[in-house]
Amino acid sequence: MTVSTQSPALPQRPSRIAWAAQQRVLIALAALILFGALRYEHFLGAYNVLSVLRYNSMFALTSLGMAFVIMTAGIDLSVGTTAACACVVSALLSSYGLAAGLFGGLGVGLVVGVLNAFMVTRMKILPFIATLAGMLIASGTGLLLANNQSVSVSYDTDFTWLGQGDWLGFPVPGWIAIAAYVYGSVLLNYTSFGRAVLAVGGNEEAARLMGLPVDRTLFWTYVQSGLFASLAGVILAAQFGAGQPAEGVGWELFSIAAVVVGGTLLTGGVGSVANTLAGVLLLGLIFNVLNFENGLGVISLSAYWQSVVRGVFLMIVVMAGSGAARRALRTAAGPGG
Amino acid sequence: MADAPTLPRGRATPDLMAFLRRYAALAALIVLLVFNVLVTPHFLSLQTLNVNLTQVATIVIVSVGMTLVIATGGIDLSVGSLMAIAGALAPLIFLSPFGVAHPALGDALAFVVPIAAAGLLGAFNGWFITRFRVQPIVGTLVMFIAGRGVAQVLTNGNLQVFHNPTFQFIGLGRVFGAPFQVIVMLALVAAAAWTMRRTLFGRQILAVGGNDRAARLAGVPVDRVKRGVYAISGLCAGIAGLVVIAINSSSDANLVGLGMELDAIAAVAVGGTAFTGGQANVVGSLIGALLIQLLRYTLLANGVPDAAALIVKGAIIAGAVWSQQRGRSA
């Protein structure tokens, strides 16, 4: 009730929905971790935890950028190929050192992000189509630069530290992802930009009439998504020691799935940064748990089952979410307005 | 909405510009054809025609279903995965002991069962979307992720190699010199275009896409129409999956239909169907697919690497949609 009394025009975050979604995602995550911890001996071992984090940090980054885009009621299909293109560029520049590889890769994200943003805000092309074009352009550029081959990363410089290194006993990609999520959380919850993102996603026309800088908000959201995707690409190159132009296939849809599992609605206007991370970890841990289950030797599920399990899991989340969201919306819309 | 008789006819020049913008894809296709006739060696040959049509057929077949889905304001990301499932099922059937013992029945089942399965899974998409009021992107994302997994699990991820002339007629056969899948493609385009123009179902699709709520209030069975278009999209994907494995003489669940959803969506977008729904341009999707295909062929035939062709493809998609939007608002 307190939600809709302040300013009815601005689509506030319906805290009740967010709260319900938050509990659901976090409870599911906690349950999965508890299940793994009780069932498998080394599930909570340092090696497993750190390697899960090291690997999923890339998806965490693409999903964070995606979450902001989706909160504006848009979508970014280009994150996978942007990561691949950045991966190639940073590998090519890795012999000049860490900074060259890092900023070269980020440059790719900046360019693709600005391109997407230009198409969405200036040419008024639907985000789905605009970022589909951006996806193809990034993919083609990556393949051209790499000459259709895998580009090896230089081990003479400290570039690989970004993917393989540790800092204070914790993987560097994990630190990067944590920093990104802290940034994202502050941005969404404590800045006018974050409010504007939700307002634009809730009702773009209303936000425009209220004088919010709609185009500027959208512009930065797509640029930011490109930057996070390219950061993931840089980590990919550093982690696997190669710039792979054909990597990143399907990352965009995995990221969308993670954002959806995290309770962010594709209609925009609602979203949570922390739950997006929970969504990424949930989808990532499903694979991990399947591996452990195979290790026990009781059953033998091929890696192919992970897609089936992930799909069914997404379905359950969506089914549960649709009912809860509708009920919460009904109560929120009732007396308030 | 598509051909509503309310177009204001004003001065001739702006109309001509609007006309050109609206038919930008067709114009670009003609320009590209003329360019090829002049520049690309051996372009005007039956072989070139067959190569291009054969390659584009599966995309067009899938785009037919996609056009109807998009006309209802939806989208179907699952088509590639449904192709993989159909492609995985067919060899399992005709290579099975039963299929080998009864070749005629086995081949017949290898056509019917996979296409029906893909159609049923499409209908499931529609049910999921309407029953739980899920956004189509999310609803079909479920099948996109799970569907390929199912295809991989069915075949254990193995490549299925086969030689079965009866079954492979769908991909390799010729009728009066024309590749069979091209005839299937044209038949589907014609059937869908006719459905959209002449049938109640077609009108209902446009009504649902134009305004879901108004259509519901007007008594259109909105949910049934939506389930219908996703089922049709699944059927089209199933047919396309069989064509692909017939051409390859093998079925690889990891690869069949990979990325097809985006190719089909691109064809529909270039073809001029608006993603807001309420409009369906089936022939436009055919033209869009032909344009993208011919563009790639032109670039490759003139020595441009495939990767650069991707960049051009991206630019064409954005450019086509942009010019159509200006055409609509003009």
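The following exercises, each with a worked solution, concern a predicted model.

Local features are taken where pLDDT is at least 70 and side-chain atom pairs at pLDDT 80 or more, while totals for chains, interfaces and linings use all residues. Residues are numbered from 1 along each chain as its sequence is written, and chains are lettered from A and ligands numbered from 1 in the order in which they are written.

**Exercise 1.** Determine how helix 8 and helix 12 of chain B are oriented to each other.

*Solution.* Step 1: locate the helices (DSSP runs of H or I, at least four residues, numbered from the N terminus). Helix 8 of chain B covers residues 165-172 and helix 12 of chain B covers residues 222-248.
Step 2: consider the axes (lines fitted to C-alpha atoms over the stretch in contact, with angles from 0 to 180 degrees between N-to-C directions). The two axes come within 7 Å and cross at roughly 110°.
Step 3: classify the angle. Because 65 to 115 degrees counts as roughly perpendicular, helix 8 of chain B is roughly perpendicular to helix 12 of chain B.
Step 4: list the residues in contact (C-beta atoms, placed from the backbone, within 7 Å). Among them are Phe167(B) and Ile170(B) of helix 8 of chain B, and Leu242(B) and Val243(B) of helix 12 of chain B.
Step 5: sort by class (nonpolar: Ala, Val, Leu, Ile, Met, Phe, Trp, Tyr, Cys and Pro; charged: Asp, Glu, Lys and Arg; polar: the others, Gly among them). This contact has 7 nonpolar, 2 polar and no charged residues.

**Exercise 2.** State whether Ser233(B) is buried or exposed, and describe its surroundings.

*Solution.* Step 1: Ser233(B) is placed in helix 12 of chain B.
Step 2: apply the cut-offs (buried: 20 or more other C-beta atoms within 10 Å; exposed: 12 or fewer; partly exposed: in between; C-beta atoms placed from the backbone). Ser233(B) has 33 C-beta neighbours inside 10 Å and therefore counts as buried.
Step 3: leaving aside residues up to four places away in sequence, Ser233(B) touches several residues, including Asp76(B), Val79(B) and Gly122(B).
Step 4: Gly119(B) is 114 residues from Ser233(B) in sequence, yet their C-alpha atoms are 7.3 Å apart.

**Exercise 3.** Describe the side of chain B that touches chain A.

*Solution.* Step 1: 36 residues of chain B are in contact with 38 residues of chain A.
Step 2: the elements of chain B that give two or more residues are helix 7 (136-155), helix 13 (260-270) and helix 15 (306-329).
Step 3: this side of chain B divides into 26 nonpolar, 7 polar and 3 charged residues.

Note on methods: Angles under 35 degrees count as roughly parallel, over 145 as roughly antiparallel, 65 to 115 as roughly perpendicular and the rest as oblique. Two residues are in contact if their C-beta atoms, placed from the backbone, lie within 7 Å.
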